Each structure stands twice: as structure tokens, then as C-alpha cells.
Amino acid sequence: MRYGGPDGTLAVSGLNLRINRGEFVAVVGPSGCGKSTLMKLTTGLHIPQSGTVIVANSQVTKPVSIVGMAFQNPTMLPWRTTLENILLPLEIVEKHRRRLRSHKAEYVAKAENLLETVGLKGFGQKFPWQLSGGMQQRANLCRALIHEPELLMLDEPFGALDAFTREELWCVIRDLHASQDVTIVLVTHDLRESVFLADKVVVMSARPGRVISEHVVPFARPRQLDLLYEPDFNDMVQKLHGEIATARAAA
Ligand SMILES: Nc1ncnc2c1ncn2[C@@H]1O[C@H](COP(=O)(O)OP(=O)(O)OP(=O)(O)O)[C@@H](O)[C@H]1O
């Protein structure tokens, strides 16, 4: 995938990655290696000049509707309540749009249920600007999940949060993955986050990005935050750190 025409930036090249249904995969790598590009290729926001992207057995040629996305900065519409923001994707995805009109109460109940799951019970009527950064990020997750996506793409969703809020949200994501039949791809700079959450951590090379290694995370689920202090956990984090440092140096 190259941006900006034939002389533009080659963001990813020779990138091969297979993700199984229901799997939780974290993607890590040096800054600017093409992690976000990989997300955009997977969701059909960009179409590669060569190579193919296949999601749910179909080649991606346009934005994929079975996907939910959450990025670092929650872009909530300030004039809509949190609940109305969460319902927004349903107004966009054709399949849901018609149903939303006739079954509004059902969808509102679902949004309220999701708000409760992420610890925001009763906050649906607040406007986004009345919520803290961590609360907005939780609401952002609800919005990504409202149409029951089969694939959830998370691009640095907790990057802007303090360490405690981030760990709380790791647990929210962990529980969502355990309770819903959803495949999750998480792009992150935080190696502890990748090892705590994922089934498999994929390391990318420096730009143009390709996969240089894949590591199965051996820790049993459900994982508790105590795991962060286990020697085996820290060994794995350190190993990943070393690989990324080497990939950066090779650039
Ligand atoms: N729309 C675009 N137009 C031109 N170049 C782009 C565009 N988007 C990304 N790039 C370039 O492609 C390369 C890969 O970018 P990408 O955002 O995918 O990397 P990343 O690994 O997500 O970066 P970071 O770790 O800093 O978040 C970078 O050199 C970036 O400058």
C-alpha cells in the first residue's frame, strides 16, 4: 500500500497476516511502521494497489459493515447525547437503519445495556463534553459495539488515558471478548497491554511494514491484573521490546 501516487510513501509491503475468527490479536511495531494502514486496509477504508484483503471469506473492495472501530480520540458529536452518539452507527449501516425506526426502544435498551457493561450506567443522557476522557473512551467502545460487529478494530484506543483508567478498560475489553463472539484486532504501542489482552501478538518491521514475528500469548484466561507483575509476563514484554528495538535499528 503506497500513499500519494507512484512516488509516494510505501507504508506496507509484503504484509501477510491471518487472523482466525474469535481471535484477539494485538499488532505492535516501531512508530510509523504501518499499523494504522493495516487497520484501514482491513476495514476497507483504503484499497491496496496490490495484494488482497479478505474478511469473512469476501475480498474487501469497499468499507466493511461487519466491523466496529474505536480510535485513540473518541469523536463524539457534541450536540448529541452519549446515547444518541452510541446509536449513530445504526443510522449509517443500511441493514439497521430501517429497523432502528420501528424498533427504537429495543436499540435504546441495548445501548443502555452496553453502557452498563462498561461502567457507565445512567450516563446515556449526558453530553460527551460532560464526561471525562476515560468515560468518553468507554462510550466510544459502546458505539463500536452497538451493531454487534463480528470484527472489532481498536487503534490505540487507550493511548490518551492515565494508567489506572487504562487498566480498568483493559478489563472491560477482556470481558467483552470473553462474553461476545467477536474477533478483535488491537493496534498499540503499549506492550503490556498487548500481552495482557491478546491471544497472539504480531510484531511489524519498520516501514514499509510487514509481519516479522507472531507470538502466541501463553497465559490462561481469564487474566487478572496481578499477571502484570509476574516474571513470565515481564519476560514476554521484554522480548517484544527487544524485537521492536532491533526492527527500529534495522530501518
Ligand atoms: N494518508 C496518508 N498520506 C500519506 N502518507 C501517509 C498517510 N497515512 C499514513 N501515511 C504514512 O504511511 C506510513 C505508515 O503510517 P501509519 O499511520 O499506518 O503508521 P503507524 O504504525 O500506525 O504509525 P504510529 O505508530 O506513529 O501510529 C507513515 O510514514 C505515514 O506518514
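1. Start with P208. This residue sits in the loop between β9 (200–204) and β10 (211–216). The peptide bond from R207 to P208 is cis, and its omega is near -5 degrees. Keep in mind that the model is predicted.

2. Now look at P222. P222 belongs to the loop between β10 and α8 (231–250).

3. Return to R207, this time for the ligand. An N or O atom in the side chain of R207 is 3.2 Å from an oxygen atom of the ligand. The protein covers 61% of the 640 Å² of accessible area that the ligand has on its own. H189 also takes part: a side-chain N or O atom of H189 lies 3.0 Å from a ligand oxygen atom. For S36, a polar side-chain atom is 2.8 Å from an oxygen atom of the ligand.

4. Which residues surround the ligand? The list is Y3, T9, A11, S31, G32, C33, G34, K35, S36, T37, H189 and R207. By class, this shell holds 3 nonpolar, 7 polar and 2 charged residues. Helix α1 (residues 35–43) supplies the largest share, with 3 residues.

5. The largest pocket has a volume of about 970 Å³. Its lining counts 29 residues, and L17, I19, V53, I54 and V55 are the closest to the centre. At least two lining residues come from each of α1, β4 (54–55), β7 (151–155) and β8 (183–187). The lining of the largest pocket splits into 16 nonpolar, 10 polar and 3 charged residues.

6. The second largest pocket has a volume of about 430 Å³. The elements that give two or more residues to its lining are β6 (67–71), α2 (82–92) and α5 (133–145). Which element gives the most to this lining? Strand β6 does, with 5 residues. In total, 20 residues line the second largest pocket, and V67, M69, P89, I92 and H147 lie nearest its centre. Their classes, across the whole lining, are 13 nonpolar, 6 polar and 1 charged.

7. Check two backbone angles next. Most residues other than glycine have a negative phi. A56 has a positive phi, near 50 degrees, and is not a glycine. A56 lies in the loop between β4 and β5 (58–59). Is A56 buried or exposed? A56 is exposed, because its relative accessible area is 54% and the cut-off for exposed is over 50%.

8. E148 is the other residue to check. Phi of E148 is positive, about 50 degrees, although E148 is not a glycine. E148 is placed in the loop between α5 and β7. With a relative accessible area of 53%, E148 counts as exposed.

9. Last, S102. This residue is in helix α3 (residues 94–102). Why does S102 count as exposed? Because its relative accessibility is 56%, and exposed means over 50%. The side chains of S102 and H103 are joined by a polar contact of 2.9 Å. S102 and L115 are 13 residues apart along the chain, and their C-alpha atoms are separated by 22 Å.

How values were computed: Residues numbered from 1 in each chain as written. Predicted model: local features only at pLDDT ≥ 70, side-chain atom pairs only at ≥ 80, totals over all residues. Heavy atoms only, no water. Near = heavy atom within 4 Å. Polar contact = N/O pair within 3.5 Å; in protein donor to acceptor, adjacent residues only side chain to side chain. Areas by Shrake-Rupley, 256 points an atom, 1.4 Å probe, with all protein chains shown as cover. Helix = DSSP H or I, 4+ residues; strand = E, 2+ residues; numbered from the N terminus. Nonpolar A, V, L, I, M, F, W, Y, C, P; charged D, E, K, R; others polar. 1 Å grid on protein atoms, 1.4 Å probe; cavity = no way out; pocket = protein on both sides within 12 Å on 5 of 7 lines; lining within 4 Å. Points joined across faces, edges and corners; volume = space filled by probe spheres on them. Buried < 20%, exposed > 50% of the residue type's maximum accessible area, 1.4 Å probe, protein only.
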